[in-house]
Amino acid sequence: MKMNRFIKTLKQRPRQGGVPISNNLLAAVGQANQAARQTPTVITPSPAAAGVAGAVTQQVQQLAQQLANQIVAEQQQSQTITRNGRVFTKFDTANDVISNQTEVVTGGVWSDGITNLTTFFTSSTQTNTQRTYYADVYQKDQAVTGSALQYSVAFGHALGSGSFSQGQLNDSPSRAIYSQYRQLLLNPNDSRFTTAGSGSTDYVYVVNFKRDRIKERLDAGNWELPLRTISSSRPTNATGSVVASGSTVIQLIDDSSTAPATLGDSGKIYNIVSGSLTSGIHNPSAPVYYGLSYPDHGVLVLDGKMLDQKLNFQTNTGSSSEGSNHFALFRSISGSALLTNGATNAAFGFQARNSEKVTSTHYFVRIKNAEYNFSNNPSYVTGSVGQISQTTFVGDPKTYITTVGLYNNSQELLAVAKLSKPLLKSFQREALIRVKLDF
(Lines give C-alpha, C1' and ligand atoms only; values in the text may rest on other atoms or scores of the structure.)
Protein backbone atom coordinates (compact mmCIF):
# COMPACT_ATOMS: atom_id res chain seq x y z
CA MET A 1 0.00 0.00 0.00
CA LYS A 2 2.79 2.43 0.77
CA MET A 3 4.48 1.68 -2.56
CA ASN A 4 1.28 2.31 -4.51
CA ARG A 5 0.72 5.59 -2.72
CA PHE A 6 4.33 6.63 -3.56
CA ILE A 7 3.82 5.98 -7.28
CA LYS A 8 0.55 7.93 -7.23
CA THR A 9 2.28 10.85 -5.51
CA LEU A 10 5.01 10.98 -8.19
CA LYS A 11 2.45 11.12 -10.94
CA GLN A 12 0.62 13.97 -9.26
CA ARG A 13 3.82 15.95 -8.77
CA PRO A 14 5.33 16.46 -12.27
CA ARG A 15 8.39 18.35 -10.91
CA GLN A 16 11.16 17.13 -8.61
CA GLY A 17 13.65 19.70 -7.40
CA GLY A 18 12.41 22.28 -9.93
CA VAL A 19 13.26 20.03 -12.95
CA PRO A 20 10.49 18.49 -15.09
CA ILE A 21 10.14 14.75 -14.50
CA SER A 22 9.84 13.03 -17.84
CA ASN A 23 7.94 9.91 -18.82
CA ASN A 24 11.22 8.02 -18.42
CA LEU A 25 11.06 8.69 -14.71
CA LEU A 26 7.54 7.37 -14.50
CA ALA A 27 8.65 4.35 -16.52
CA ALA A 28 11.54 3.79 -14.12
CA VAL A 29 9.21 3.89 -11.17
CA GLY A 30 6.99 1.40 -12.99
CA GLN A 31 9.94 -0.95 -13.38
CA ALA A 32 10.61 -0.76 -9.65
CA ASN A 33 6.97 -1.50 -8.98
CA GLN A 34 7.10 -4.49 -11.29
CA ALA A 35 10.18 -5.78 -9.50
CA ALA A 36 8.33 -5.44 -6.23
CA ARG A 37 5.45 -7.45 -7.59
CA GLN A 38 7.83 -10.18 -8.67
CA THR A 39 9.21 -10.42 -5.11
CA PRO A 40 7.37 -13.19 -3.30
CA THR A 41 5.54 -11.83 -0.32
CA VAL A 42 3.90 -14.00 2.28
CA ILE A 43 1.06 -12.23 3.92
CA THR A 44 0.75 -13.42 7.48
CA PRO A 45 -0.35 -11.66 10.52
CA SER A 46 3.02 -12.32 12.16
CA PRO A 47 5.17 -9.28 13.07
CA ALA A 48 8.18 -10.83 11.35
CA ALA A 49 6.40 -10.98 7.99
CA ALA A 50 5.30 -7.39 8.34
CA GLY A 51 8.91 -6.36 8.93
CA VAL A 52 10.05 -8.12 5.76
CA ALA A 53 7.35 -6.38 3.71
CA GLY A 54 8.42 -3.02 5.10
CA ALA A 55 12.01 -3.68 4.13
CA VAL A 56 11.01 -4.58 0.55
CA THR A 57 8.95 -1.43 0.26
CA GLN A 58 11.88 0.65 1.46
CA GLN A 59 14.15 -0.98 -1.13
CA VAL A 60 11.67 -0.17 -3.91
CA GLN A 61 11.49 3.44 -2.79
CA GLN A 62 15.28 3.72 -2.70
CA LEU A 63 15.53 2.19 -6.19
CA ALA A 64 12.92 4.58 -7.55
CA GLN A 65 14.67 7.57 -6.00
CA GLN A 66 18.02 6.45 -7.40
CA LEU A 67 16.60 6.09 -10.92
CA ALA A 68 14.84 9.46 -10.64
CA ASN A 69 18.03 11.22 -9.54
CA GLN A 70 19.94 9.62 -12.41
CA ILE A 71 17.42 10.75 -15.03
CA VAL A 72 17.27 14.28 -13.62
CA ALA A 73 21.07 14.51 -13.65
CA GLU A 74 21.15 13.33 -17.28
CA GLN A 75 18.56 15.95 -18.24
CA GLN A 76 20.47 18.72 -16.51
CA GLN A 77 23.68 17.68 -18.23
CA SER A 78 21.90 17.62 -21.59
CA GLN A 79 20.46 21.10 -21.01
CA THR A 80 23.88 22.45 -20.03
CA ILE A 81 25.46 21.04 -23.16
CA THR A 82 22.64 22.50 -25.24
CA ARG A 83 23.06 25.96 -23.70
CA ASN A 84 26.83 26.04 -23.96
CA GLY A 85 26.79 25.00 -27.60
CA ARG A 86 23.77 27.09 -28.61
CA VAL A 87 24.04 29.23 -31.73
CA PHE A 88 20.48 30.60 -31.71
CA THR A 89 17.56 31.03 -29.36
CA LYS A 90 13.90 31.00 -30.35
CA PHE A 91 11.86 33.97 -29.19
CA ASP A 92 9.00 33.48 -26.79
CA THR A 93 6.47 35.51 -28.78
CA ALA A 94 4.37 36.13 -25.69
CA ASN A 95 7.16 37.59 -23.57
CA ASP A 96 10.05 38.50 -25.88
CA VAL A 97 8.29 40.29 -28.75
CA ILE A 98 6.24 43.48 -28.55
CA SER A 99 4.79 44.55 -31.90
CA ASN A 100 2.77 47.43 -33.36
CA GLN A 101 4.32 50.14 -31.21
CA THR A 102 3.78 53.53 -32.87
CA GLU A 103 5.40 56.88 -32.19
CA VAL A 104 5.59 60.22 -34.00
CA VAL A 105 9.13 61.21 -34.95
CA THR A 106 10.06 64.72 -36.07
CA GLY A 107 13.25 66.11 -37.54
CA GLY A 108 14.68 69.07 -39.40
CA VAL A 109 13.43 69.42 -42.97
CA TRP A 110 16.57 70.85 -44.51
CA SER A 111 19.78 69.09 -45.53
CA ASP A 112 21.76 67.44 -42.74
CA GLY A 113 18.65 67.53 -40.55
CA ILE A 114 18.90 71.23 -39.74
CA THR A 115 15.72 73.10 -38.85
CA ASN A 116 16.72 76.69 -39.72
CA LEU A 117 17.69 77.62 -43.28
CA THR A 118 19.48 80.96 -43.67
CA THR A 119 21.25 80.60 -47.04
CA PHE A 120 19.33 80.54 -50.31
CA PHE A 121 20.45 79.97 -53.92
CA THR A 122 18.35 79.57 -57.06
CA SER A 123 19.16 76.78 -59.48
CA SER A 124 21.69 77.43 -62.20
CA THR A 125 20.63 74.36 -64.17
CA GLN A 126 16.97 75.21 -64.76
CA THR A 127 16.10 76.17 -68.31
CA ASN A 128 14.54 79.55 -69.08
CA THR A 129 11.25 77.81 -69.79
CA GLN A 130 11.29 76.06 -66.42
CA ARG A 131 12.05 79.32 -64.63
CA THR A 132 8.82 80.84 -65.96
CA TYR A 133 6.89 78.19 -64.01
CA TYR A 134 8.88 77.78 -60.78
CA ALA A 135 12.25 78.35 -59.13
CA ASP A 136 14.16 75.66 -57.25
CA VAL A 137 15.94 76.81 -54.09
CA TYR A 138 19.19 75.28 -52.76
CA GLN A 139 21.02 75.78 -49.48
CA LYS A 140 24.37 76.10 -51.30
CA ASP A 141 25.55 77.20 -54.70
CA GLN A 142 25.20 74.23 -57.05
CA ALA A 143 28.90 74.40 -57.83
CA VAL A 144 29.65 73.56 -54.17
CA THR A 145 29.75 69.98 -52.95
CA GLY A 146 26.73 69.13 -50.82
CA SER A 147 24.32 71.47 -52.57
CA ALA A 148 20.83 70.00 -52.59
CA LEU A 149 17.31 71.08 -53.53
CA GLN A 150 15.35 72.26 -50.48
CA TYR A 151 12.07 73.70 -51.80
CA SER A 152 10.53 75.42 -54.80
CA VAL A 153 8.53 78.62 -55.22
CA ALA A 154 5.87 79.28 -57.84
CA PHE A 155 3.20 81.83 -58.81
CA GLY A 156 -0.26 80.94 -60.06
CA HIS A 157 -3.08 83.03 -61.54
CA ALA A 158 -6.50 81.57 -62.27
CA LEU A 159 -6.84 83.62 -65.46
CA GLY A 160 -3.27 83.22 -66.65
CA SER A 161 -2.17 86.79 -65.92
CA GLY A 162 1.33 87.71 -64.82
CA SER A 163 3.15 85.46 -67.28
CA PHE A 164 3.81 85.45 -71.01
CA SER A 165 1.16 83.39 -72.80
CA GLN A 166 2.39 83.66 -76.39
CA GLY A 167 -1.05 84.89 -77.34
CA GLN A 168 -2.89 82.02 -75.58
CA LEU A 169 -3.90 82.73 -71.95
CA ASN A 170 -4.89 79.10 -71.50
CA ASP A 171 -1.25 78.13 -72.08
CA SER A 172 0.35 80.63 -69.74
CA PRO A 173 2.63 79.30 -66.96
CA SER A 174 0.71 81.13 -64.22
CA ARG A 175 -2.56 79.51 -65.29
CA ALA A 176 -0.93 76.08 -65.39
CA ILE A 177 0.45 76.55 -61.87
CA TYR A 178 -2.88 77.71 -60.44
CA SER A 179 -4.71 74.84 -62.11
CA GLN A 180 -2.15 72.30 -60.90
CA TYR A 181 -2.45 73.27 -57.23
CA ARG A 182 -6.21 73.74 -57.47
CA GLN A 183 -6.58 70.13 -58.63
CA LEU A 184 -4.09 68.89 -56.04
CA LEU A 185 -5.40 70.75 -52.99
CA LEU A 186 -9.00 71.88 -53.48
CA ASN A 187 -12.22 69.93 -53.51
CA PRO A 188 -13.50 69.09 -57.01
CA ASN A 189 -16.20 71.78 -56.97
CA ASP A 190 -13.85 74.59 -55.87
CA SER A 191 -12.43 76.77 -58.63
CA ARG A 192 -10.62 79.30 -56.44
CA PHE A 193 -8.46 79.32 -53.34
CA THR A 194 -10.36 81.03 -50.52
CA THR A 195 -8.44 82.47 -47.58
CA ALA A 196 -9.58 84.16 -44.40
CA GLY A 197 -7.48 87.17 -45.38
CA SER A 198 -9.12 88.30 -48.62
CA GLY A 199 -11.66 85.63 -49.45
CA SER A 200 -11.63 84.12 -52.94
CA THR A 201 -8.38 85.02 -54.65
CA ASP A 202 -7.33 84.76 -58.29
CA TYR A 203 -3.60 84.62 -57.65
CA VAL A 204 -1.40 82.85 -55.13
CA TYR A 205 2.25 82.30 -54.29
CA VAL A 206 3.30 78.74 -53.47
CA VAL A 207 6.09 77.27 -51.37
CA ASN A 208 6.47 73.57 -52.16
CA PHE A 209 8.82 71.51 -49.95
CA LYS A 210 10.81 68.79 -51.66
CA ARG A 211 8.72 65.70 -51.05
CA ASP A 212 11.32 63.42 -49.51
CA ARG A 213 12.31 66.13 -47.02
CA ILE A 214 8.93 66.24 -45.31
CA LYS A 215 8.80 62.41 -45.07
CA GLU A 216 5.17 61.73 -44.11
CA ARG A 217 4.10 65.36 -43.67
CA LEU A 218 5.18 68.86 -42.71
CA ASP A 219 5.01 69.09 -38.93
CA ALA A 220 2.09 71.40 -38.19
CA GLY A 221 2.95 74.09 -35.68
CA ASN A 222 6.67 73.61 -36.26
CA TRP A 223 7.47 75.85 -39.20
CA GLU A 224 8.11 79.58 -39.54
CA LEU A 225 8.45 81.54 -42.79
CA PRO A 226 10.05 85.02 -42.69
CA LEU A 227 9.14 87.54 -45.43
CA ARG A 228 10.80 90.90 -45.99
CA THR A 229 9.24 93.94 -47.65
CA ILE A 230 9.92 94.26 -51.39
CA SER A 231 11.52 97.44 -52.73
CA SER A 232 9.19 99.98 -54.31
CA SER A 233 11.49 100.00 -57.34
CA ARG A 234 10.60 96.46 -58.27
CA PRO A 235 10.64 96.03 -62.08
CA THR A 236 7.81 94.46 -64.02
CA ASN A 237 9.82 91.26 -64.45
CA ALA A 238 11.01 90.17 -60.99
CA THR A 239 13.70 87.76 -62.20
CA GLY A 240 16.72 89.99 -61.91
CA SER A 241 17.04 93.12 -59.81
CA VAL A 242 14.24 92.67 -57.29
CA VAL A 243 15.58 93.29 -53.80
CA ALA A 244 14.07 93.31 -50.38
CA SER A 245 14.20 96.67 -48.65
CA GLY A 246 13.71 98.24 -45.25
CA SER A 247 13.81 96.37 -41.97
CA THR A 248 10.26 95.05 -41.92
CA VAL A 249 10.10 91.27 -41.63
CA ILE A 250 6.82 89.46 -41.13
CA GLN A 251 7.01 85.95 -39.69
CA LEU A 252 4.33 83.50 -40.69
CA ILE A 253 3.19 80.31 -38.93
CA ASP A 254 0.05 78.17 -38.98
CA ASP A 255 -2.77 78.39 -36.45
CA SER A 256 -2.64 74.74 -35.37
CA SER A 257 -1.89 75.82 -31.80
CA THR A 258 -5.28 77.49 -31.38
CA ALA A 259 -7.62 76.03 -34.00
CA PRO A 260 -8.44 72.52 -35.21
CA ALA A 261 -7.59 71.60 -38.76
CA THR A 262 -10.15 71.80 -41.53
CA LEU A 263 -10.45 68.44 -43.27
CA GLY A 264 -10.62 68.43 -47.06
CA ASP A 265 -9.89 66.05 -49.91
CA SER A 266 -6.23 66.99 -49.53
CA GLY A 267 -6.11 66.15 -45.82
CA LYS A 268 -5.66 68.62 -42.98
CA ILE A 269 -5.72 72.36 -43.71
CA TYR A 270 -4.59 75.18 -41.41
CA ASN A 271 -4.63 78.95 -41.80
CA ILE A 272 -1.35 80.79 -42.25
CA VAL A 273 -1.17 83.72 -39.84
CA SER A 274 1.28 86.33 -38.61
CA GLY A 275 3.27 84.97 -35.65
CA SER A 276 6.42 83.18 -34.57
CA LEU A 277 7.39 79.86 -33.05
CA THR A 278 8.66 81.54 -29.90
CA SER A 279 5.77 83.97 -29.32
CA GLY A 280 2.87 82.22 -31.00
CA ILE A 281 0.17 83.96 -33.03
CA HIS A 282 0.35 87.74 -33.04
CA ASN A 283 -2.88 89.14 -31.63
CA PRO A 284 -4.61 85.73 -31.44
CA SER A 285 -8.02 87.32 -30.87
CA ALA A 286 -7.81 88.98 -34.30
CA PRO A 287 -5.00 87.33 -36.32
CA VAL A 288 -3.88 88.51 -39.74
CA TYR A 289 -4.39 85.71 -42.27
CA TYR A 290 -1.94 85.19 -45.14
CA GLY A 291 -2.99 81.92 -46.72
CA LEU A 292 -3.39 78.19 -46.22
CA SER A 293 -1.08 75.40 -45.08
CA TYR A 294 -1.42 71.83 -46.40
CA PRO A 295 0.93 69.78 -44.18
CA ASP A 296 0.06 66.41 -45.73
CA HIS A 297 1.34 67.69 -49.08
CA GLY A 298 4.10 69.95 -47.79
CA VAL A 299 2.64 73.00 -49.52
CA LEU A 300 2.13 76.58 -48.32
CA VAL A 301 -0.28 78.67 -50.39
CA LEU A 302 0.12 82.42 -49.79
CA ASP A 303 -2.60 84.89 -50.69
CA GLY A 304 -1.18 87.23 -53.33
CA LYS A 305 -3.48 90.07 -52.32
CA MET A 306 -2.23 89.96 -48.73
CA LEU A 307 1.42 89.95 -49.84
CA ASP A 308 0.75 92.99 -52.00
CA GLN A 309 -0.98 94.74 -49.13
CA LYS A 310 1.39 93.89 -46.28
CA LEU A 311 4.78 93.43 -47.97
CA ASN A 312 4.55 95.56 -51.13
CA PHE A 313 4.97 92.61 -53.52
CA GLN A 314 3.48 94.65 -56.39
CA THR A 315 2.38 91.48 -58.14
CA ASN A 316 2.38 91.78 -61.93
CA THR A 317 -1.12 90.76 -63.03
CA GLY A 318 -0.84 92.09 -66.56
CA SER A 319 -2.29 90.07 -69.41
CA SER A 320 0.45 88.09 -71.21
CA SER A 321 3.07 90.02 -69.25
CA GLU A 322 6.07 88.08 -67.96
CA GLY A 323 6.27 89.03 -64.30
CA SER A 324 8.25 86.08 -62.84
CA ASN A 325 6.43 86.94 -59.63
CA HIS A 326 7.72 83.87 -57.81
CA PHE A 327 11.21 85.40 -57.83
CA ALA A 328 9.82 88.23 -55.70
CA LEU A 329 8.86 85.59 -53.13
CA PHE A 330 12.37 84.10 -53.31
CA ARG A 331 13.93 87.55 -52.75
CA SER A 332 11.59 88.25 -49.85
CA ILE A 333 12.58 85.01 -48.08
CA SER A 334 16.31 85.23 -48.78
CA GLY A 335 16.37 88.96 -47.96
CA SER A 336 15.05 88.22 -44.48
CA ALA A 337 18.25 86.34 -43.66
CA LEU A 338 20.19 89.60 -44.12
CA LEU A 339 18.53 91.02 -41.02
CA THR A 340 18.69 89.86 -37.40
CA ASN A 341 15.77 89.12 -35.15
CA GLY A 342 15.94 91.44 -32.14
CA ALA A 343 14.43 88.76 -29.90
CA THR A 344 17.13 86.21 -30.71
CA ASN A 345 19.84 88.41 -32.25
CA ALA A 346 20.10 85.82 -35.03
CA ALA A 347 19.35 86.00 -38.73
CA PHE A 348 15.75 85.45 -39.72
CA GLY A 349 15.62 81.95 -41.21
CA PHE A 350 13.10 79.63 -42.78
CA GLN A 351 12.40 77.10 -40.02
CA ALA A 352 10.62 73.81 -40.57
CA ARG A 353 10.38 70.25 -39.28
CA ASN A 354 8.94 67.10 -40.78
CA SER A 355 6.75 64.53 -39.05
CA GLU A 356 6.51 60.78 -39.46
CA LYS A 357 4.58 58.06 -37.66
CA VAL A 358 6.86 55.08 -37.16
CA THR A 359 5.58 51.59 -36.32
CA SER A 360 8.08 49.49 -34.40
CA THR A 361 8.53 45.94 -33.18
CA HIS A 362 10.73 45.34 -30.14
CA TYR A 363 12.64 42.06 -29.74
CA PHE A 364 14.10 41.33 -26.31
CA VAL A 365 17.14 39.08 -26.64
CA ARG A 366 17.69 37.45 -23.24
CA ILE A 367 21.12 35.85 -22.74
CA LYS A 368 21.44 33.78 -19.57
CA ASN A 369 24.70 33.27 -17.73
CA ALA A 370 25.34 29.77 -19.11
CA GLU A 371 24.61 30.71 -22.74
CA TYR A 372 26.85 31.97 -25.55
CA ASN A 373 30.09 31.78 -23.61
CA PHE A 374 31.88 30.02 -26.47
CA SER A 375 32.58 31.23 -29.98
CA ASN A 376 32.40 29.51 -33.37
CA ASN A 377 35.20 31.73 -34.59
CA PRO A 378 38.11 29.49 -35.71
CA SER A 379 40.55 31.68 -33.76
CA TYR A 380 38.81 30.70 -30.51
CA VAL A 381 40.37 27.22 -30.58
CA THR A 382 43.70 25.76 -31.62
CA GLY A 383 45.20 22.37 -32.37
CA SER A 384 43.71 19.31 -34.02
CA VAL A 385 41.37 18.56 -31.10
CA GLY A 386 40.01 22.10 -30.77
CA GLN A 387 41.59 23.23 -27.55
CA ILE A 388 40.69 26.75 -26.37
CA SER A 389 43.49 28.99 -27.56
CA GLN A 390 43.39 31.31 -24.53
CA THR A 391 44.43 29.28 -21.52
CA THR A 392 42.75 31.76 -19.17
CA PHE A 393 39.43 30.82 -20.80
CA VAL A 394 39.70 27.18 -19.74
CA GLY A 395 37.06 26.69 -17.08
CA ASP A 396 36.05 30.33 -17.40
CA PRO A 397 35.27 31.00 -21.09
CA LYS A 398 34.44 34.51 -22.34
CA THR A 399 33.07 36.00 -25.52
CA TYR A 400 32.30 39.50 -26.78
CA ILE A 401 28.90 40.02 -28.38
CA THR A 402 28.96 42.55 -31.23
CA THR A 403 26.01 41.59 -33.43
CA VAL A 404 22.51 40.17 -33.12
CA GLY A 405 20.95 38.49 -36.15
CA LEU A 406 17.22 37.93 -36.55
CA TYR A 407 16.20 34.87 -38.57
CA ASN A 408 12.91 33.43 -39.78
CA ASN A 409 11.79 29.84 -39.30
CA SER A 410 13.69 28.85 -42.44
CA GLN A 411 16.96 30.05 -40.89
CA GLU A 412 17.13 32.97 -43.34
CA LEU A 413 18.77 36.13 -42.01
CA LEU A 414 16.27 39.00 -42.09
CA ALA A 415 17.87 41.75 -40.01
CA VAL A 416 21.16 42.56 -38.30
CA ALA A 417 21.55 44.74 -35.21
CA LYS A 418 24.98 46.12 -34.32
CA LEU A 419 25.92 46.98 -30.74
CA SER A 420 27.63 50.32 -30.13
CA LYS A 421 30.50 48.48 -28.45
CA PRO A 422 31.39 44.81 -27.77
CA LEU A 423 29.52 43.29 -24.82
CA LEU A 424 31.49 40.96 -22.52
CA LYS A 425 29.75 37.64 -21.86
CA SER A 426 30.79 34.95 -19.34
CA PHE A 427 29.31 32.56 -16.80
CA GLN A 428 29.20 35.47 -14.33
CA ARG A 429 27.32 37.81 -16.71
CA GLU A 430 23.85 37.88 -18.18
CA ALA A 431 22.61 40.31 -20.81
CA LEU A 432 19.37 41.75 -22.16
CA ILE A 433 19.54 43.34 -25.60
CA ARG A 434 16.55 45.15 -27.06
CA VAL A 435 16.37 45.17 -30.85
CA LYS A 436 13.99 47.71 -32.40
CA LEU A 437 12.76 47.32 -35.97
CA ASP A 438 10.99 50.32 -37.54
CA PHE A 439 8.53 49.94 -40.39
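Serine 355 is buried, with a relative accessible area of 6%; buried here means under 20% relative accessible area, exposed means over 50%, and partly exposed is what lies in between (1.4 Å probe, protein chains only). Serine 355 sits in strand E22, and the strands (E, at least two residues) and helices (H or I, at least four) are DSSP runs numbered from the N terminus. Leaving out residues up to four places away in sequence, serine 355 touches Val104, Val105, Thr106, Ile214, Lys215, Glu216, Arg217 and Asp219, where a contact means heavy atoms within 4.5 Å.

A quick word on what you are looking at: this is a predicted model, in which local features need pLDDT of at least 70 and side-chain atom pairs count only at pLDDT 80 or more, while totals for chains, interfaces and linings use all residues. Residues are numbered from 1 along each chain as its sequence is written, and side-chain values use heavy atoms, with hydrogens and water left out.

Not counting residues up to four places away in sequence, its contacts are Val109, Trp110, Ser111, Ala148, Leu149, Gln150 and Asn354.

Zoom out for a moment. The chain's secondary structure comes to 7 helices and 27 strands, and 39% of its 439 residues count as buried. Among contacts with a separation of 6 or more, 65% are between residues 24 or more positions apart.

What about the nonpolar interior? In soluble globular proteins, nonpolar side chains tend to be buried together. A nonpolar core here is a set of buried Ala, Val, Leu, Ile, Met, Phe, Trp, Tyr and Cys residues joined through side-chain atoms within 4.5 Å. The largest such core has 39 residues, and Tyr151, Phe209, Leu225 and Phe350 touch the most other members. Among the elements giving two or more residues to this core are strand E7 (149-157), strand E12 (225-230), strand E13 (244-254) and helix H6 (304-311). H7 provides the largest share, 5 residues. Apart from this core lies another, of 15 residues, including Ala158, Ile177, Leu186 and Val204.

Setting aside neighbours within four places in sequence, leucine 225 is in contact with Val207, Ile250, Gln251, Leu252, Leu300, Leu302, Ile333 and Phe350. E12 and E13 run antiparallel and are joined by 5 bridges; two strands pair if DSSP finds at least two bridges between them. Within that pairing, proline 226 has glutamine 251 in E13 as its bridge partner. E13 also pairs with strand E15 (residues 267-276), again in the antiparallel sense, over 3 bridges. There, leucine 252 has serine 274 in E15 as its bridge partner.

On to the charged side chains. How many salt bridges does the structure hold? There are 8, each being a side-chain nitrogen of Lys or Arg within 4 Å of a carboxyl oxygen of Asp or Glu. In one of them, aspartate 96 pairs with arginine 366, with the closest N and O atoms 2.7 Å apart. Aspartate 96 lies in the loop between helix H3 (47-84) and strand E3 (97-108) and arginine 366 in strand E22 (residues 353-367), so the pair ties together parts that are 270 residues apart in sequence. Aspartate 96 is buried at 10% relative accessibility, whereas arginine 366 is partly exposed at 41%.

Another salt bridge joins lysine 210 and aspartate 212 (3.1 Å, N to O). Here lysine 210 is partly exposed at 28% and aspartate 212 exposed at 52%. Lysine 436 and aspartate 438 also form a salt bridge, with their closest N and O atoms 3.9 Å apart. Those two residues and Glu103 are linked in a network of salt bridges.
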